Amino acid sequence: MSGVKSFWNNYSVKHPQIAQFIMFLILSNGITVFQMILMPVLKAIFSGSALEAHDFQILPIGHNSDGSPYYIFNYPSGSIASGGGGGLAYFIAVQLTLGIAQVINFFAQRNITFRSTGNIYKAAIWYVIAYILITICAGALQGWYKDPIYQFFIDKFEGTGEIAADLVTMIINAVISFWVYFPILKIIFKEDKQQKVA
């Protein structure tokens, strides 16, 4: 184990940018696996609750091809298995999963990947702003792929199809977040380091 640590330390000194990206990739994948475990648990907790009967359709940004409104967050009432969108219950399960994962991600990336020692409060504020913007953009993009993925997997695999669709949509969301967060975190934590030097 000490040999691996020694190799990594030497590699990090010689190739700091590549090492940083590799560490970001490892931690991001770990967080994604954590989300894949947590999401079905939270979804099961809220499934069948009164929250599932409430629509959560907000921020319309145009129309679908059939003329219906295109919402950034589109969670119509009813269970997904019965053709609904999971309602407020599904939205809460998704956002709790993402929120918990992002808190862990913030500290892991700050302390391990970027080794930032600057102002944690300023970094956290910028991180929350980035999280909100990325969540809105990801929600808008989800309108294009969520329904077809769920329909395909539920039709193909019935009972287990919804779980498979959950995993696929989480992976797509994780990939989008990965490529957006890396440059943003470099900026956030670089600013912290510059403040420390100043």
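Trainee: How do the axes of helix 3 and helix 4 cross in this model?

Mentor: The model is a predicted one. One reads such a pair from the distance between the two axes and the angle at which they cross. Here the axes of helix 3 (residues 87–113) and helix 4 come within 11 Å, and they cross at roughly 140°. Angles over 145 degrees would count as roughly antiparallel; helix 3 and helix 4 are therefore oblique to each other. The crossing in which helix 3 passes helix 4 is right-handed.

Trainee: Which residue caps the N-terminal end of helix 4, and what follows the helix?

Mentor: The cap is Asn 119, with a side-chain oxygen 2.9 Å from the backbone nitrogen of Tyr 121. After helix 4 comes Glu 158, which has a positive phi near 50°.

Trainee: In which sense do strand 1 and strand 2 pair?

Mentor: In a regular strand, side chains alternate between the two faces of the sheet. In this structure, strand 1 (residues 56–63) pairs with strand 2 (residues 69–75) in the antiparallel sense, over five bridges. Gln 57 stands opposite Asn 74 of strand 2. Five residues lie between the strands of this hairpin, and Gly 67 takes a positive phi near 95°.

How values were computed
Residues numbered from 1 in each chain as written. Predicted model: local features only at pLDDT ≥ 70, side-chain atom pairs only at ≥ 80, totals over all residues. Heavy atoms only, no water. Pairing = 2+ DSSP bridges. Helix = DSSP H or I, 4+ residues; strand = E, 2+ residues; numbered from the N terminus. Polar contact = N/O pair within 3.5 Å; in protein donor to acceptor, adjacent residues only side chain to side chain. Axes fitted to C-alpha atoms, helices over the stretch in contact; angles between N-to-C directions. Parallel < 35°, antiparallel > 145°, perpendicular 65-115°, else oblique. Left-handed = near helix turned anticlockwise from the far one by under 90°.
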